[in-house]
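Please look over the sequence and the structure shown below before turning to the notes that come after them.

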Amino acid sequence: MSAEEKLTRENFPESPEKATLEGKNKFLGFWLFLGGETVLFASLFATYLALKDSNAGGATSQDLFELPIVFIATMLLLTSSLTSVYAIYHMKNFQYRKMQIWFIITILLGAGFLALEIYEFNHYVHEFEFTFKSSAFGSAFYTLVGFHGGHVAVGLGWFITLLIRNGRRGLSLYNAPKFYVASLYWHFIDVVWVFIFTVVYLMGMVG
Amino acid sequence: MSTLANTKPKSVLWDYLTTVDHKKIAILYLVAGGFFFIVGGIEAMLIRIQLAVPENTFVGADTYNELMTMHGTTMIFLAAMPLIFALMNAVVPLQIGARDVAFPFLNALGFWLFLMGGIFLNLGWFLGGAPDAGWTSYASLSLYSPGHGIDFYTLGLQISGAGTLIGGINFLVTIINMRAPGMTYMRMPLFTWTVFVASALILFAFPPLTVGIFLMIFDRLFGANFFDPTLGGNTIIWEHLFWIFGHPEVYILILPAFGVFSEVFATFSRKRLFGYTSMVFAIVLIGFLGFMVWVHHMFTTGLGPIANAIFAVATMAIAVPTGIKIFNWLLTMWGGSISFTTPMLYAVSFIPSFVLGGVTGIMLAAAPADYQYHDTYFVVAHFHYVIVGGVVLGLLAGVTYWWPKMFGKMLDEKLGKITFWLFLIGFHLTFFIQHFVGLMGMPRRVWTFLDGQGWNTANLISSIGAVFMAVAVLVLVINIIKTSMSKQQADGDAWGDGRTLEWAIPSPPPEYNFKQTPLVRGLDPLWIEKMEGRKEIVPAEPVGDIHMPNGSILPLLMSLGLFIAAIGFLYRNDYAWGDPIGAGGLFITFASMFLRSWIDDHGYHIHKEELIDEEEKEVK
Amino acid sequence: MTTEEKNVRGDWEYRLKKNRDEMRMQVVSFALMLFLTLVAFFAVSYDKYSAWFIVPFILLLGVVQVVFQLYYFMHMSHRGHGTAAFFLYSGVLVAFLTVLTFLTIVWI
């Protein structure tokens, strides 16, 4: 069976994402990349933690952060993680249509998260004059949270491209690893967010 | 099912610009790395000319700072790393019985990113000033460096660094997933083991550098406040991020060199490597401990006695696995039938040279003593002993050893030995005396020194040694040219005593490396077959169609896009076109990435019939 | 149905059931993660607790939630994830050292 042959329920492997060498390589390569990203975000977190109290007399974390908006953002991203799990579940059941629908829902939730975050940054800039250049705390906050937001944006682009490109192809051993890896990425983004809302926002409000 | 049969003949230039073949990428890395090695060497010569006599005015202070910065940056990032990647690419897939690396496209991308980054870094020489704050570019100094020198450093290294990270992941997946049947982890050749651990170090060490460089870019070009205390920044953050990268980096450099020596010692003693298991254990331990010691570069910054004590002890601990390796190499030679070929000469001279560097490292590890050594020539002597005596000797040995495998011709032994002796003498002349002039108080990174301090003779000797090394490299270049013009054809088992899989296939190998994936029956698989009277490895599969990847111009385009973006962002505060060009460059990169994702490219097949035909022709 | 058709159908039904059970586990995990998040938010909004308690507590909640993400959503509990897990944990180790450093020895 070659990689691009159309699959049926019967000849379809349990783990389609790892059924080819290319798939196995992508799977492992991506987990390794996530290991590196862990260290990358840790460096950003470490920098933030070292600088979070250096607000140069300007706005502090207690002034800025509010629970409701952070809570909604968290709910959006956490739910989108679940919807992407649903999508992969349908992929494994060879239900392509349903997989596509759940990925679209994931994208919508993710876009909602991003829109909220843009609103939030805009709010800080206009209400508190809290910018990237205001202080070390400002630079560290926008860099850490901004890098995460950038990763969300990349993830959305990734899903959208995959869905459009593979829209009419059906599931195959060629695109199964691609969907799987994109989904892993999306979960990782949620993992990073758990630490952001805990360390940046919640800890920032406690003081 | 093939979509694009690879029958169109390509020009050599286009072939190399679009290749995804690890063997050609190895040659690209070798040429580029070799070129930058010469650039770094010229920078070194200019430094040594300036320091040959006291109060010299050969170059001014500013130029000296640029030379000193670029010498270090070029040698580590643009010469040593790429040359190591050249050997990794040329050898590892062959040693594990694979037909290419896991991600051939990304392999090419890694190379072009390195090259674009390296060129960008050196643009400063022509565009107003090279970086001048040392290869470590500490924030307190580099934030205030006038002109754009430091920006060439940050943006150039960021691009190159991305290439290295991609390469690291590639080799990890290749080694984990693509070993030939029968090759368990404990049957891998030692060079592959060292590449494996070094690649893991790359994966974890480069992200902190990436973050540090981003923060520096943000501070200098975008008005951020990470390192500037005025608005709350903290300069030591740079030091930590840099050295959390920087210390594992030197282990990334030395481990593959250790791997080369393990291969060379075993091959030219005609004896298997002594203590394979402990060698593997030592490599892994060195890799692990390499992440625990970075603060030893910061002993004098005022972090306190507890921090200093912890890191001093951790640093000294690395001597233990390193010592295990030294003894194992010596014991490999003991009782062997030794053949002093050029690679073996490098290996034998590496032992005392590297040990010298290692023991001065232990001296430096004692934090209180380091307060005396820090920022003197004692440190310069130490790291040149380990880098030149370790990494460079390893690269020279590896390049000489695997040259016939890569190019199908043996380098001239006589000229090789001349290069070896000139280089060795020059190296010791230059750096041995620097231990003493450092202990006598000469600081490092000074553009000149006053007469009458007792340092004159030492500096002169040091500079004379540099001439020896320069001549040695010249002889090497002559050797390479002479060899390329010769008509010899090396055997598959070029040195005659090959023990590992790469020597079981022709020199240079065919496009697909192995017609049939080999079956590995133990450590030193080729040696096992030889001892049983066979000339070839037992195959693990019948002859069949071989699937090959297509080349692509996209890696070059992606890298070019980032290069253009870097130019734009460098000038964003000086010209209105800065940001638009930056965005334009990024667009080229993202568009290329999009094209790569959108356009299906399933490669092509070499058919079974062609392979069998080839075999029949050879037999006739 | 032939025996072979029955076998294939049986395989397929077995797989469907297995996937369904796993999906149920995932939804339970999600509910737990939601709960952990709510607890963390409440801990912070409720003024009576001291920061000395809240901070380690919410960090612990975060770590537990991440474990759920990794092991269930990202399938790290499944067979074939040994190498992936090894490298991820190595990354976590380096990450931990970095964060610890910046909390302790950055001068100020």
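This is a predicted model: local features need pLDDT of at least 70, side-chain atom pairs count only at pLDDT 80 or more; totals for chains, interfaces and linings use all residues.

Chain A has 6 helices and 0 strands, and chain C is in contact with chain A through 42 of its own residues and 41 of chain A. With chain B, chain C has 12 residues in contact with 12 residues of that chain.

**Chain A: overall fold and annotated spans**

- Read along the sequence, chain A runs through the pattern α-α-α-α-α-α, and its C-alpha trace spans about 65 × 30 × 25 Å along the principal axes.
- An unreviewed UniProt entry carries the annotation "transmembrane region" for residues 28-49, 69-89, 101-119, 139-164 and 184-204 of chain A.
- Among these annotated spans, residues 28-49 of chain A are 100% helix and 0% strand, with end C-alpha atoms 31 Å apart.
- Residues 184-204 of chain A are likewise 100% helix and 0% strand, and the end C-alpha atoms of that span lie 29 Å apart.

**Chain A: the packing of H3 and H4**

- Helix H3 (residues 67-92) of chain A packs against helix H4 (residues 96-128) of chain A at an angle of about 165°, and the axes of the two helices are 8 Å apart.
- Because angles over 145 degrees count as roughly antiparallel, H3(A) and H4(A) are therefore roughly antiparallel to each other.
- The crossing of H3(A) and H4(A) is left-handed, and the contact of H3(A) with H4(A) comprises 15 nonpolar, 8 polar and 3 charged residues.

- On the side of chain C that touches chain A, helix H1 (3-45), helix H2 (51-73) and helix H3 (82-104) of chain C each supply at least two residues, and the largest share, 15 residues, comes from H1(C).
- By class, the side of chain C that touches chain A divides into 28 nonpolar, 13 polar and 1 charged residues.
- Where chain C meets chain B, with 12 residues of chain C in contact with 12 residues of chain B, the residues on the side of chain C are 7 nonpolar, 5 polar and no charged.

**Chain C: domains**

- The domain assignment of chain C gives domain 1 (3-77) and domain 2 (79-108).
- The centres of domain 1 of chain C and domain 2 of chain C, taken over C-alpha atoms, are separated by 22 Å.

Key:
Residues are numbered from 1 along each chain as its sequence is written. Chains are lettered from A and ligands numbered from 1 in the order in which they are written. Axes are lines fitted to C-alpha atoms, for helices over the stretch in contact, and angles run from 0 to 180 degrees between N-to-C directions. Helices (H or I, at least four residues) and strands (E, at least two) are DSSP runs, numbered from the N terminus. Angles under 35 degrees count as roughly parallel, over 145 as roughly antiparallel, 65 to 115 as roughly perpendicular and the rest as oblique. A crossing is left-handed if the near helix is turned anticlockwise from the far one by less than a right angle, and right-handed if clockwise. Ala, Val, Leu, Ile, Met, Phe, Trp, Tyr, Cys and Pro count as nonpolar, Asp, Glu, Lys and Arg as charged, and the others, Gly among them, as polar. Domain bounds come from an automatic or database domain assignment. Two residues are in contact if their C-beta atoms, placed from the backbone, lie within 7 Å. UniProt positions are given in the numbering used here, feature names are shortened, and annotations may be inferred rather than shown by experiment.
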